Amino acid sequence: MASVLKTTHHGGCPHDCPDTCSMVYEVENGQLTSVKGNKEHPMTRGGLCVKLKDYEKRHYHPDRLLYPMRRSGPKGSGQFERISWDEALDEITTRWKAIIDEYGPHAIIPYSYLGNQGLVHGLNGGDAFFNKMGATVCERTFCGEGSCTAWLLTVGPTAGVDPESFIHSKYIVIWGCNSVSTNVHHWHIVKDAQKNGAKVVVIDPYKSKTAKEADWHIAPKPGTDGALAMAMMHVIIKEGLQDQDYIDNYTVGFDALAERAKTRTPEWAATITGISADDIRQFAREFATTQPAAIRLGVAVERNYGGGQAIRAITCLPALTGAWRHVGGGALQFPVWEHPYKFDVICRPDLIPEGTPVVNAIQIGRALTGELKLDTPIKSMMCWNANPVTQAAETNKIVEGLMREDLFLVAAEHFLSDTASFADIVLPASMGAEMEDMVLSWGHLYLTYNEKCVDSPGEAIPNNEIFRRLAARMGYQEENFSWSDSECLENYVDWDSPACEGIDLAYLREHGFAKLKVGTKDDRAPHREGNFPTPSGKCELEIKGATNFVAGPFRQMYDGFQPGEALDSLPDYVSSREIPEANPQLAEKYPLNIISPKSHGFLNSCYANMENKIKGQGEQFVMISPIDADLRNIQSGDVVSVFNDRGMFKALAQITDDVSPGIVVATLGYWRQLNNGTVNCVSSAEFVDMGHAPTFTDNLVQVALSA
Ligand SMILES: Nc1nc2c(c(=O)[nH]1)N[C@H]1C(S)=C(S)[C@@H](COP(=O)(O)OP(=O)(O)OC[C@H]3O[C@@H](n4cnc5c(=O)[nH]c(N)nc54)[C@H](O)[C@@H]3O)O[C@H]1N2
Ligand SMILES: Nc1nc2c(c(=O)[nH]1)N[C@H]1C(S)=C(S)[C@@H](COP(=O)(O)OP(=O)(O)OC[C@H]3O[C@@H](n4cnc5c(=O)[nH]c(N)nc54)[C@H](O)[C@@H]3O)O[C@H]1N2
Ligand code: SF4
Ligand SMILES: [Mo]
């Protein structure tokens with residue numbers, strides 16, 4: 001009998017998740033047989049989440065796309081015929097050349113996101129390719145760009161507190177983050193700190209899995225965090241709990257901020273947030289006087305019209321109390337700011353011709369239907385690493401746009417996703433263990449390596465190879481279009497930066513991961529003595545002449561494309577658009593504020609097509625309070641419609657005290673093909689106040705028993 005050759009290899013989870021786990025691939029006779037968490041990695045600690053623990057099954061799933069295909073039935077019918085790679089690439093480039101001849105390159109738009117967050121197969125390739133083409137730029141601000149803008153304005157591009165340093169914290173505030181589901185490899189550090197005596201406060205409008213494990217769950221109404229943070233400042237300053245020495249030496253604008261905070265009393269905030277004034281006072285006192293105090297900012301805080309201003313207010317808090325003096329004190333947003341990637345080399349923004357128009361991905365439905373007036377209408381879109389039909393706002397418009405007979409849609413995918421099912425040409429893409437890469441993390445301070453250890457099934461190829469082949473056919477000569485994946489890695493990281501001292505690609509290939517040299521969990525306190533990477537070198541509580549801009553760490557920086565509107569020089573509470581107080585007329589028709597956070601069992605829309613994952617996560621549900629259910633005669637388990645003027649989806653009613661009256665919660669990711677509508681059928685494509693971030697928490701709906 002032939003002996004079975006079993007080998008193990010270093011992996012890095014490529015998904016859009018802050019944890020970027022270091023993984024161990026086991027391969028037998030050329031097949032991936034198991035995927036485990038790396039025990040050596042201090043954050044992964046040998047465990048993967050429920051989505052990835054059987055990752056090998058996703059690699060060999062029977063629905064995996066294996067061959068290039070051409071649409072053979074009506075748009076969206078899901079009918080395709082197999083074609084060769086040559087036929088597929090010839091057809092794509094012939095169509096694109098004809099579109100460019102007739103309408104110019106602005107008629108073509110790329111659409112991608114972080115479905116793969118590898119430097120080579122996630123961040124690379126596509127941007128450089130479409131920039132060279134002169135295609136319309138797709139601005140990608142789904143995830144944290146409002147938060148990033150607010151963070152950069154206040155403290156600059158710092159990683160802030162090392163997530164591992166939370167072990168030293170004595171007061172931990174998890175603000176708008178459902179760590180148990182979305183950041184589980186940080187959560188176990190928080191739990192360890194809790195065991196060491198830290199108090200864990202979770203701020204979330206509903207009792208999330210994380211809120212259930214908190215020492216104190218504070219539940220503001222959605223989109224009112226700015227009022228809570230401003231009232232905390234009021235209490236801290238009024239009661240003299242601030243660290244005046246820190247403020248005097250390491251901040252600017254304190255007097256102006258203190259003046260504004262005078263009127264932002266706990267009583268004022270209580271009427272806005274629904275939290276009692278006493279609780280606000282207690283929270284402010286505890287936060288100021290228990291050190292080290294650390295805030296973990298979730299992405300969800302930005303998702304309403306005042307989101308950017310709220311994050312500015314929250315980011316000021318640790319400077320007022322001097323929390324930054326301590327290891328394990330301060331705030332954590334995206335540590336990616338201290339990762340040494342060369343985004344200019346990866347994305348080549350220098351290739352974008354002057355005058356190129358920009359369309360924001362969140363508004364792709366408006367662009368495809370002509371609602372957004374463009375000088376050159378979009379005639380072709382290529383989608384990879386993203387699934388806008390389930391994930392972007394105003395789904396009905398996206399579907400209407402994708403149904404256009406004159407729109408040529410190309411999709412590179414693992415599965416026939418809700419978006420790929422509308423494509424004219426579908427290209428099969430490689431998955432995790434089938435390609436070499438390094439995976440970016442926006443949740444820790446490690447570099448992570450992923451080895452190619454199995455061949456792709458069928459004729460699937462990695463994203464970067466797709467763009468190499470397309471570039472060759474389009475005649476693009478820049479040397480980056482012919483770099484191998486390894487050469488890309490050599491060129492994409494600033495290996496000479498101090499953060500990479502002692503680390504190179506050979507080291508990563510051998511060890512799988514390496515912590516950046518930016519301090520250790522036991523000594524890192526980057527702002528003990530100020531040293532904020534802002535224009536003043538201080539924490540900017542007040543910014544004179546501040547303007548809005550679009551900041552994203554993962555993609556090209558678009559600043560300069562968008563004329564920035566003037567911003568308030570100080571942080572403050574800014575009301576959501578769709579709440580009864582701001583729009584009583586709309587609230588009469590649609591009285592419920594919907595929140596659509598991440599599903600525990602899916603990764604955005606990934607895994608929501610796999611039977612075992614749907615079983616674990618449950619069918620699409622909507623959480624509703626007993627009072628609101630009674631008013632509508634709804635029983636638990638009833639099929640209900642959730643709707644507004646933008647659209648409708650169906651869900652099973654889950655009646656629970658975990659949500660307050662006036663709020664409903666339906667988690668994200670369920671496939672439209674397998675369900676009746678999705679949460680994004682009701683969400684709006686308007687932006688928040690900063691960074692063109694989405695307003696997924698700023699939507700009013702009605703819920704009714706389904707006919
Ligand atoms: N299991 C799982 N993990 C994931 C993902 C996934 O789909 N599934 N997606 C990944 C991605 S792309 C991202 S961006 C991260 C996001 O991870 P998180 O930052 O945790 O984001 P969400 O799950 O959207 O929302 C977190 C919590 O914020 C609350 N929230 C909503 N609006 C507000 C508000 O106005 N104020 C406050 N204080 N809280 C509010 C929600 O109720 C929710 O419980 O997760 C990543 N990890
Ligand atoms: N209502 C609501 N909507 C939201 C959010 C919310 O909280 N609420 N969250 C927003 C956030 S934070 C985010 S990040 C976005 C995410 O939005 P998207 O990035 O569009 O969502 P995903 O479902 O992750 O889609 C990734 C797709 O890429 C494919 N893919 C994965 N790896 C590869 C690869 O290597 N090659 C190719 N070609 N394809 C690959 C996957 O199969 C999947 O279909 O959604 C946003 N939408
Ligand atoms: S999805 Fe996140 S938690 Fe799960 S394995 Fe990947 S990086 Fe780790
Ligand atoms: Mo995200």
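1. Strand E15 (residues 380-384) and strand E16 (residues 408-413) run parallel and are joined by 5 bridges. Within this pair, Met382 has Val410 of E16 as its bridge partner. The model under discussion is a predicted one.

2. E15 and E16 belong to an open sheet of 6 strands, ordered E5-E4-E17-E16-E15-E6, in which the pairing is mixed. Strand E5 (80-82) and strand E6 (108-112) each have a single partner strand, so each of these edge strands has one side without a neighbour in the sheet. With direction ignored, neighbouring strands of this sheet are turned by 20° against each other on average.

3. An open sheet of 3 strands has the order E1-E2-E3, with antiparallel pairing. Its edges are formed by strand E1 (6-12) and strand E3 (31-37), each of which pairs on one side only. From one strand to the next, the twist averages 25°.

4. In the E1-E2-E3 sheet, strand E2 (residues 22-28) is joined to E3 by 6 bridges, and the two run antiparallel. One position in this pairing is Glu26, which stands opposite Ser34 in E3.

5. Which residues are found around ligand 3? They are Cys13, Cys17, Asp19, Thr20, Cys21, Leu48, Cys49, Leu52 and His185. By class, this shell comprises 6 nonpolar, 2 polar and 1 charged residues. The space that ligand 3 takes up is the second largest cavity.

6. Strand E24 (residues 639-644) pairs in the antiparallel sense with strand E25 (residues 647-655) over 6 bridges. The two strands form a hairpin, with 2 residues between E24 and E25. E24 also pairs in the antiparallel sense with strand E27 (residues 700-705), over 4 bridges.

7. What stands opposite Val642 in E25, and what in E27? In E25 the residue opposite Val642 is Phe649, and in E27 the residue opposite Val642 is Val703.

Methods: Residues are numbered from 1 along each chain as its sequence is written. Chains are lettered from A and ligands numbered from 1 in the order in which they are written. This is a predicted model: local features need pLDDT of at least 70, side-chain atom pairs count only at pLDDT 80 or more; totals for chains, interfaces and linings use all residues. Side-chain values use heavy atoms; hydrogens and water are left out. A residue is near a molecule or strand if one of its heavy atoms lies within 4 Å of it. On a 1 Å grid over the protein atoms alone, a cavity is a set of points where a 1.4 Å probe fits but cannot get out, and a pocket is an open set with protein on both sides within 12 Å along at least five of seven lines; lining residues have an atom within 4 Å of a point. A molecule sits in a cavity or pocket if more than half of its atoms lie within 2 Å of its grid points. Ala, Val, Leu, Ile, Met, Phe, Trp, Tyr, Cys and Pro count as nonpolar, Asp, Glu, Lys and Arg as charged, and the others, Gly among them, as polar. Two strands pair if DSSP finds at least two bridges between them. Axes are lines fitted to C-alpha atoms, for helices over the stretch in contact, and angles run from 0 to 180 degrees between N-to-C directions.
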